[in-house]
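Let's go through this one as a few quick questions and answers. Have a look at the sequence and the fold before reading on.

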Amino acid sequence: MKQTIIFWMCAAVMSVAGLTSCSDSDDEDVIFVKDYNNYKSAIVGTWYLASRSSGWGGITDYNVGEIMVTFTNKGQVKVVNNREDQRPIPTSTFTYSFKKIDKSIFTGEPSVVITFNNSSLCYSIDFDQGVLYISAEAYDGDGYALKKVTK
């Protein structure tokens, strides 16, 4: 259970470059979600972990297929870690849900965040140019960049 929390802490402060705002584009992989009810449909599918930011530490890049993350429409996250060391997130299954917060540390405005396993820890989510950014709502928290494999 601690490893799951760590992953989603580690399923989230992306580097400053990872926290850029969404851009307008006709590219169907670029998803900008304004409506709370659309977040689930936007993340459902299989993604691979492209990189992880360890808060104030460095950024670790991963190859396609090393760590696969599947969000189901039934509120589950399935992680398949093909790395021998099982870092940063071991193969496991979590639940996820969304909630609104009054003030994001990133924007200072109300925001929709994702939580895992009904934890009080929450993570900002952002979509930009086909990349899903999940960042801990903490100044020194972890962040993740995931790239979609399937819809």
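Strands here are DSSP runs of E, at least two residues long, numbered from the N terminus. Keep in mind that this is a predicted model.

Q: In which loop does Asn-117 lie?
A: Strand 6 covers 111–116 and strand 7 covers 123–128. Position 117 falls in between, so going by those DSSP runs Asn-117 sits in the loop between strand 6 and strand 7.

Q: Is Asn-117 buried, partly exposed or exposed?
A: Buried means under 20% relative accessible area and exposed means over 50%. Asn-117 comes out at 31%, so Asn-117 counts as partly exposed.

Q: What is phi of Gln-129, and where does Gln-129 lie?
A: Most residues other than glycine have a negative phi. Gln-129 isn't glycine, yet its phi is positive. You'll find Gln-129 in the loop between strand 7 and strand 8 (131–136), and its phi is near 50°.

Q: Which peptide bond is cis, the one that joins Pro-88 to what residue?
A: Most peptide bonds are trans. Pro-88 is in the loop between strand 4 (76–81) and strand 5 (92–101). The bond in question has omega of about 0°, and the partner that it joins to Pro-88 is Arg-87.

Q: Which residues have the most contacts inside the largest nonpolar core?
A: In soluble globular proteins, nonpolar side chains tend to be buried together. The largest such core here has 26 residues. Leu-132 touches Ile-43, Trp-47 and Phe-71, among others. The residues with the most contacts inside the core are Phe-71, Ile-114 and Leu-132.

How values were computed:
Residues numbered from 1 in each chain as written. Predicted model: local features only at pLDDT ≥ 70, side-chain atom pairs only at ≥ 80, totals over all residues. Heavy atoms only, no water. Core = buried A, V, L, I, M, F, W, Y, C linked by side-chain atoms within 4.5 Å. Buried < 20%, exposed > 50% of the residue type's maximum accessible area, 1.4 Å probe, protein only. Contact = heavy atoms within 4.5 Å. Helix = DSSP H or I, 4+ residues; strand = E, 2+ residues; numbered from the N terminus. Lists of a residue's contacts leave out its neighbours within four places in sequence.
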